[in-house]
Amino acid sequence: QAQVVESGGGLVQAGGSLRLSCAASGNIFRTAAVAWFRQAPGKQRELVATLTVSGYTNYASSVKGRFTISRDNAKNTVYLQMDSLKPEDTAVYYCNVKRTTMNPFDYWGQGTQVTVSS
């Protein structure tokens, strides 16, 4: 069972930037898709960004052009660069690492809080 740990959350003013990190034990990023989700109080968890094994990325329309997902295989880390942050980006952000073939798995981190003040 791999461990997935998010970090990098915090409090930032609107218009500012944060970079979230998702670190995992083992070399699982090379063979798994990674996604960032977020959940604001009273709302459902929503998909923010995805990164496939082949490097394809996809973003929610609400963050497209402001957020960037990337991967550093050497460091076993996936990042979510968040720029031009808005108060509505305030949420707990979760990293999900999932493989659907060849010994499938589905790991979640504990989440990291992002708060954007107006």
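**Notes on the salt bridges**

1. Going through the whole structure, which is a predicted model, a search turns up three salt bridges. Four residues are involved in one network of these contacts: Arg-38, Glu-46, Arg-66 and Asp-89. Here is how the pairs look one by one.

2. Start with Glu-46 and Arg-38. Their side chains meet in a salt bridge, with an N to O distance of 2.6 Å. Arg-38 comes out at 5%, which means it is buried, as the cut-off is under 20%.

3. Arg-38 also pairs with Asp-89: the closest N and O atoms of this salt bridge are 2.9 Å apart. Which parts of the chain does the pair link? Arg-38 belongs to strand E4 (residues 33–39), while Asp-89 is in the loop between strand E8 (77–82) and strand E9 (91–99); the two residues are 51 apart, and the parts they link are distant. Both Arg-38 and Asp-89 are buried.

4. Asp-89 has a salt bridge to Arg-66 as well, and here the closest N and O atoms are 2.8 Å apart. Arg-66 is in the loop between strand E6 (57–59) and strand E7 (67–72) and Asp-89 in the one between E8 and E9, so this pair ties together parts that are 23 residues apart in sequence. Again, both partners, Asp-89 and Arg-66, are buried.

Note on methods:
Residues numbered from 1 in each chain as written. Predicted model: local features only at pLDDT ≥ 70, side-chain atom pairs only at ≥ 80, totals over all residues. Heavy atoms only, no water. Buried < 20%, exposed > 50% of the residue type's maximum accessible area, 1.4 Å probe, protein only. Helix = DSSP H or I, 4+ residues; strand = E, 2+ residues; numbered from the N terminus.
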